[in-house]
Amino acid sequence: MMKKWLPAFVLLILLALVSLFDSGTLTGFDDPNISGADTAWMLAATGLVLLMTPGLSFFYGGMVSRKNVISTMLQSFICMGIITLVWVSVGFSLAFGDSIGGVFGNPMTFAFFNGVGAATHPDLAPTIPFVLFALFQMKFAIITPALITGSFAERVRFSGFLLFIILFSLFIYCPLAHMTWHPDGLLRRWEVLDFAGGTVVHMSAGFAAIAAAIILGKRKSHGVAHKPYNVPFVLLGTGLLWFGWFGFNAGSALGANSSAALAFATTTVASAAAMLAWVLYDALMGRKISGMGASIGAVVGLVAITPAAGFVTIGQSVFIGVCAAIVSNIVVYYKNKTGIDDTLDVFPCHGVGGIVGMILTGVFAQEVGLVYGETTTFLRHLASVFLVGAFTFGLSYTFFKLTNLIIPMRVSEKAEEYGLDITQHAESLSKSTTTEQITVMIREAAQQ
C-alpha cells in the first residue's frame, strides 16, 4: 500500500458519502421560463467546451518529447476528473454563490449543487436550467488549470501537480470568475467587459505559468534544440480546440441569440487571421512556414478574441487576431532568450494573448470602446490587466511554494532523464521497453 495516497482516497470516499444528501437537482422541471432553443444550444455548447480539454491534451502532447507524451496528455485529462468534483462540492459556490465583498461567493450557497436544479435562475440563467449553467461554467474551470500544464511539462511530479490545481481552482480561478461574471462581482460592477474569459481563463493561466516556470526552474535539456514528438497531434489538437471554442465563446451568450451568432463569427475570423499572421511573420523573419506555427497562431487568435467576441465587429476581430499573433510571436522569440523555461510558451500565447484581447476589447467594444470616444472602459481594462496579473501571479507563486513544501514538485534528475511517462505513470510509447526495464527505471528515479 502507498500510504501517501491514503489521504486523497479517504477524502474522495468522504466526498462520495456527503454527496448522497443531494436532492436539489431533481426540482424545477416544470419551470415555464425555460427556452427550448436556448437550452438545446447550451447543451451543445457545454459539450463543445468539454471537448477542448482532450483537444488541449493532443495540442500539448504533440509538442513535448516522446518520453513525456502520456504524462503531458494525462495532466489535461485528469483535470476533467478532479476539477469536476471540486466544482460540484464547493467551486461553483465560490464562483457564483452569494457575493462576499464582490471577491468570492459564499461557499455554502450552492455546496454540493444544493439549489442547483432544472429550474431557471433569474440572474445567472434566466432561460436555461440552472444546472446547465453550472455545468457550462464547470468546463471553463476544467480547462484553465489544464492550460497551465504546458509551462512545467517534462519535469513536474504528478502528485504535486494535483495538489496545486486544486489550490489554483479554489483560490484563484473561482474568485476571478466571481469578480468577472457574478452580477455583484468586483470587476463586473466596475463594468469590465470579458465575454468569455480573457482574464478568468487565459490571463490567469498565463501568469500562473510564469510562476511555475520560475519555481520549478529549467529543464536539463533547456537550450538544446527540441524536436516535437508528433506535429499531426498538434494539428489535431488545434482543430479540436477551434471546434470547441465555438461553444466557449458563442456559448457565453447563454442562449441561441444574435450575440451567440456574432461571437461565433468573430471567433472564426480572428483565429483565421491570427494563423496567417503568425506563419507570414515567421516567413518574414526567415523562418519556415510550419504546422506548429499555424497551430499556435490559430490558438493565439482564439485566445485574443475570447474577451471581445460578443462586443466587436467581424472586421475588428481580424485586427485583433493579427495584432495578437504578431505580439505573441515576438514575445515567444524574446522569452526564448531569457532563462525562463515556460516549456510550451503558455505565457506568451495565453497570457499575452489574453492581455492583448482585454486591451483591444477596451478599444473596440461597441458604444463604450476607445474608438467611440469613450475612455472609461479602456482605462478600466488596463487597470484590470494589472490587477488580475498581480493577483494571479502572486497567489500562484505562493501556492507553488506551499505545494513544494508538502510535495516536492520537481522530479529527480534521473526521472527527468528517463521521462515522466515511465517514472510517474509506468507507461511508455516505446514498444521495445519491457515491464522489467520500466520497474528498474522507476526504482532508480525514486532513489535519487
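This is a predicted model: local features need pLDDT of at least 70, side-chain atom pairs count only at pLDDT 80 or more; totals for chains, interfaces and linings use all residues.

The largest pocket has a volume of about 1,100 Å³, and the second largest pocket holds about 920 Å³ of space.

**The largest pocket**
- Its lining is made up of 34 residues, and His226, Met292, Asn336, Thr343 and Asp345 are the ones nearest the centre.
- Helices H10 (258–284), H11 (291–305), H12 (314–335) and H15 (413–418) each give two or more residues to this lining.
- H12 gives the most, with four residues.
- Sorted by class, the lining of the largest pocket has 13 charged, 11 polar and 10 nonpolar residues.

**The second largest pocket**
- Here 25 residues form the lining, with Ala8, Leu11, Leu12, Ile82 and Ile166 nearest the centre.
- Helices H1 (6–18), H4 (79–96) and H6 (158–181) each supply at least two lining residues.
- H1 gives the most, with eight residues.
- By class, the lining of the second largest pocket splits into 21 nonpolar, three polar and one charged.

**Two residues with positive phi**
- Phe112 isn't a glycine, yet its phi is positive, near 55°.
- You'll find Phe112 in the loop between strand S2 (104–105) and helix H5 (130–148).
- Phe112 counts as partly exposed because its relative accessible area is 24%.
- Ala426, also a residue other than glycine, has a positive phi near 55°.
- Look for Ala426 in the loop between helix H16 (420–425) and helix H17 (435–447).
- With a relative accessible area of 41%, Ala426 is partly exposed.

Terms used
Residues are numbered from 1 along each chain as its sequence is written. Side-chain values use heavy atoms; hydrogens and water are left out. Buried means under 20% relative accessible area, exposed over 50%, partly exposed in between (1.4 Å probe, protein chains only). On a 1 Å grid over the protein atoms alone, a cavity is a set of points where a 1.4 Å probe fits but cannot get out, and a pocket is an open set with protein on both sides within 12 Å along at least five of seven lines; lining residues have an atom within 4 Å of a point. Grid points are joined across faces, edges and corners, and a volume is the space filled by probe spheres set on the points. Ala, Val, Leu, Ile, Met, Phe, Trp, Tyr, Cys and Pro count as nonpolar, Asp, Glu, Lys and Arg as charged, and the others, Gly among them, as polar.
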